[in-house]
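Student: I have a structure open and I'd like to learn how to read it feature by feature. Can you walk me through it?

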Amino acid sequence: MVKKDGLRLHLYSSRLSRDGGEADGRRPSSELTPHACIPTSEHEHACAISTTAMAMASGATLSLLSLLNDNDDQPLPEDVRALSELRLKQCDILVVPPRLCKLSDLTLLDLANNPLSSLPDSFASLVNLRVVFFLKNNFEVVPTVLGKLPNLYMLSFKSNRLTSFPDDALAPTIGWLILTDNKLTSLPSNIGDVPLRKATFANNCLASLPESLKRCETLELLRIAANDLKSLPPWLFTLPRLAWLGVAGNPCSYTNELADDAMTKLPHVAWSSLKFDEGGELGSGASGKVLAATAADGTRIAVKQYHAQATSDGRPEDEVKAAVAGSGHDNVMRTSFALDGASDADDGAFALGMPMLDMARYSVLGNTPSFQSVSRDTYPEGKKFQTARAYRWAVGIARALDHLHSKGICHGDVYGHNTLVDDVDGDLPALMSDFGAAWFFPPDSQLAPLIERMEMRAFGCMLEELAERCDEDDDRRKLLSSLASRCMSEDAASRPRTGEVRGELEKLLT
């Protein structure tokens with residue numbers, strides 16, 4: 001039988017879960033829907049599938065692949081031709097099935113975890129394709145046929161072997177581009193001429209950014225950590241919509257002595273001294289997972305165990321250093337100690353201990369962005385907050401940002417989904433968390449005001465989201481809305497600095 005999840009269709013090897021998203025750390029939470037289901041009648045041929053995949057893939061998947069690989073002149077069944085989404089993950093597909101390119105209604109195609117290294121010219125026939133995932137394939141060069149797709153919006157080549165991205169391979173409609181974990185030394189010279197909003201290029205070999213990027217007025221989120229960038233152009237911080245930037249782990253990265261000192265003074269505890277709860281995973285994300293445990297003295301703690309590998313945001317060692325350096329404020333998640341021996345447990349490279357929060361009261365302020373919202377958090381339909389609470393949360397996060405910026409730390413990911421709030425009783429402090437995209441800068445440098453004002457745009461987005469959901473239209477909501485507009489100004493130089501925003505918010509705090 002073909003597996004269905006609501007109206008979404010999932011087809012892949014039996015080794016995989018039913019999750020239909022692409023493992024890029026953050027998958028779109030809202031997806032397109034197919035017009036019809038795939039027939040389950042068996043077919044003879046599977047000419048581009050390895051024998052391993054034939055043994056491991058489900059019958060329905062093999063049936064579909066056989067249909068798509070068939071070279072006869074019989075038309076495809078109508079319900080196959082009408083598909084708008086297709087996922088063929090981890091099926092050991094060596095060559096794109098010939099008749100897949102006849103599915104002209106496709107809007108989403110996921111070919112993750114296959115050994116593909118090229119695409120046929122007929123791929124240009126997929127004129128309605130908007131989303132394509134090639135996660136963990138074997139591409140060394142981005143195929144130029146992708147530049148001919150007239151509606152392509154989201155493209156992922158995460159964790160391939162890319163060394164080249166030709167200019168003519170860049171589709172003119174690209175808005176979301178994922179190239180994390182490759183070997184690229186340069187980007188397309190025309191990348192500033194497409195409506196790019198979200199770009200993740202971390203863990204490559206980039207030595208510079210294309211000059212055309214200064215023309216990219218739509219860019220909102222950029223991840224360029226763990227590359228070979230020896231300097232950052234000042235114009236980067238003046239892009240009108242850039243709000244979320246990650247640059248740690250480059251030769252140009254600033255060495256923060258306060259951070260080094262904080263790391264040196266951080267207490268260490270043996271991993272083996274903790275008793276972990278059975279099934280006690282509190283949550284997980286791109287950079288690791290959070291586990292519940294009890295210390296030797298009986299104290300309940302939360303342990304964040306970081307993955308050994310880099311993520312779309314950057315390297316785990318940079319996140320650890322920023323989390324430790326940023327600790328010590330009532331509105332920032334506190335780090336209590338480092339754990340020795342974490343690398344012997346699963347795949348963790350580092351682990352930090354934190355106080356156990358009351359998760360019966362704490363929850364994330366917002367939900368991660370969807371395919372539709374791209375860079376903005378999402379909220380349940382009709383969600384409202386008590387104005388007094390929302391205002392206190394805004395003051396708390398402004399104080400947290402002022403604290404971080406004074407220490408030369410750019411958070412890089414100021415979002416509601418990285419903010420913990422008490423929406424039960426409302427008296428616990430809002431907490432800023434997740435330093436996966438954080439990086440250091442010299443707080444007394446000429447760049448410091450530019451960096452602060454760039455991050456103020458991200459904070460402005462959060463203020464706007466709070467103001468829109470306040471249950472009272474009073475002076476506090478009006479100030480949230482007014483500050484949001486000022487912080488989100490597309491004239492970066494006109495935005496207020498962090499201390500100014502904090503000071504204005506504190507005037508109405510009761």
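**Reading the model, one feature at a time**

Tutor: Let's start with a single side chain: Arg215 is partly exposed, with 47% relative accessible area. Keep in mind that this is a predicted model.

Student: Which residue does Arg215 meet in a salt bridge?

Tutor: The partner is Asp193, with N to O at 2.8 Å. Asp193 sits in the loop between β7 (176-178) and β8 (198-200), while Arg215 is in the loop between β8 and β9 (221-223). The pair links distant parts of the chain, 22 residues apart.

Student: How many salt bridges are there in the whole structure?

Tutor: A search of the whole structure turns up 30. Another one joins Asp423 to Arg389, where the closest N and O atoms are 3.1 Å apart. Asp423 belongs to the loop between β19 and β20 and Arg389 to helix α6 (residues 387-406), so this pair ties together parts 34 residues apart in sequence.

Student: Are those two side chains buried or exposed, or something in between?

Tutor: They fall into two classes, and the cut-off for buried is under 20% relative accessible area. Arg389 has 9%, so it counts as buried. Asp423 has 24%, so it is partly exposed.

Student: Which residue does Asp402 pair with, and where do the two partners lie?

Tutor: Asp402 forms a salt bridge with Arg502, with 3.3 Å between the closest N and O atoms. Asp402 is in helix α6 and Arg502 in helix α9 (residues 498-506), so the bridge ties together parts that are 100 residues apart in sequence. Asp402, at 22% relative accessibility, counts as partly exposed, and Arg502, at 27%, does too. There is also a network to find: Arg361, Asp422, Asp425 and Asp427 are joined by salt bridges that share partners.

Student: Okay, on to sheets. How do I read those?

Tutor: Here's the general idea: strands of a sheet pair through backbone hydrogen bonds, either parallel or antiparallel. For a case here, take the open sheet of three strands in the order β17-β19-β20, with antiparallel pairing.

Student: Which strands are at the edges of that sheet?

Tutor: β17 (362-364) and β20 (431-432) are the edge strands, each pairing on one side only. Strand β19 (residues 419-422) runs antiparallel to β20, and two bridges join them.

Student: How many bridges do β13 and β14 share?

Tutor: Strand β13 (residues 288-294) pairs with β14 over seven bridges, in the antiparallel sense. Ala292 is opposite Ala302 in β14. The two strands form a hairpin with five residues between them, and there Gly298 takes a positive phi near 90°.

Student: Why would you call β14 largely enclosed?

Tutor: Count its residues: seven of the eight in β14 (residues 300-307) are buried, so the strand is largely enclosed by the rest of the structure.

Student: And helices? What should I look for when two of them pack?

Tutor: One general point first: an α-helix has 3.6 residues a turn, so residues three or four places apart point the same way. Now look at α6 and helix α7 (residues 448-468), whose axes come within 11 Å and cross at roughly 170°. An angle over 145 degrees counts as roughly antiparallel, and α6 and α7 are therefore roughly antiparallel to each other.

Student: Which residues make that contact?

Tutor: From α6, they include Ala390, Trp393, Ala394, Ile397 and Leu401; from α7, Met456, Phe459, Leu463 and Leu466 are among them. By class, the contact has 11 nonpolar residues, one polar and two charged.

Student: At what angle do α4 and α5 pack?

Tutor: Helix α4 (residues 257-265) and helix α5 (residues 316-326) pack at about 90°, with their axes 8 Å apart. That makes the two roughly perpendicular. Ala259, Asp260, Ala262 and Met263 of α4 meet Val320, Lys321, Val324 and Ala325 of α5. This contact has six nonpolar, no polar and two charged residues.

Student: How many residues of α5 are buried?

Tutor: Nine of its 11 residues are buried, leaving α5 mostly covered. Pro316, Asp318 and Glu319 are among the buried ones, as are Val320 and Val324. Just after α5, check Gly328, which takes a positive phi of about 100°.

Terms used. Residues numbered from 1 in each chain as written. Predicted model: local features only at pLDDT ≥ 70, side-chain atom pairs only at ≥ 80, totals over all residues. Heavy atoms only, no water. Pairing = 2+ DSSP bridges. Helix = DSSP H or I, 4+ residues; strand = E, 2+ residues; numbered from the N terminus. Salt bridge = Lys/Arg side-chain N within 4 Å of Asp/Glu carboxyl O. Buried < 20%, exposed > 50% of the residue type's maximum accessible area, 1.4 Å probe, protein only. Axes fitted to C-alpha atoms, helices over the stretch in contact; angles between N-to-C directions. Parallel < 35°, antiparallel > 145°, perpendicular 65-115°, else oblique. Contact = heavy atoms within 4.5 Å. Nonpolar A, V, L, I, M, F, W, Y, C, P; charged D, E, K, R; others polar.
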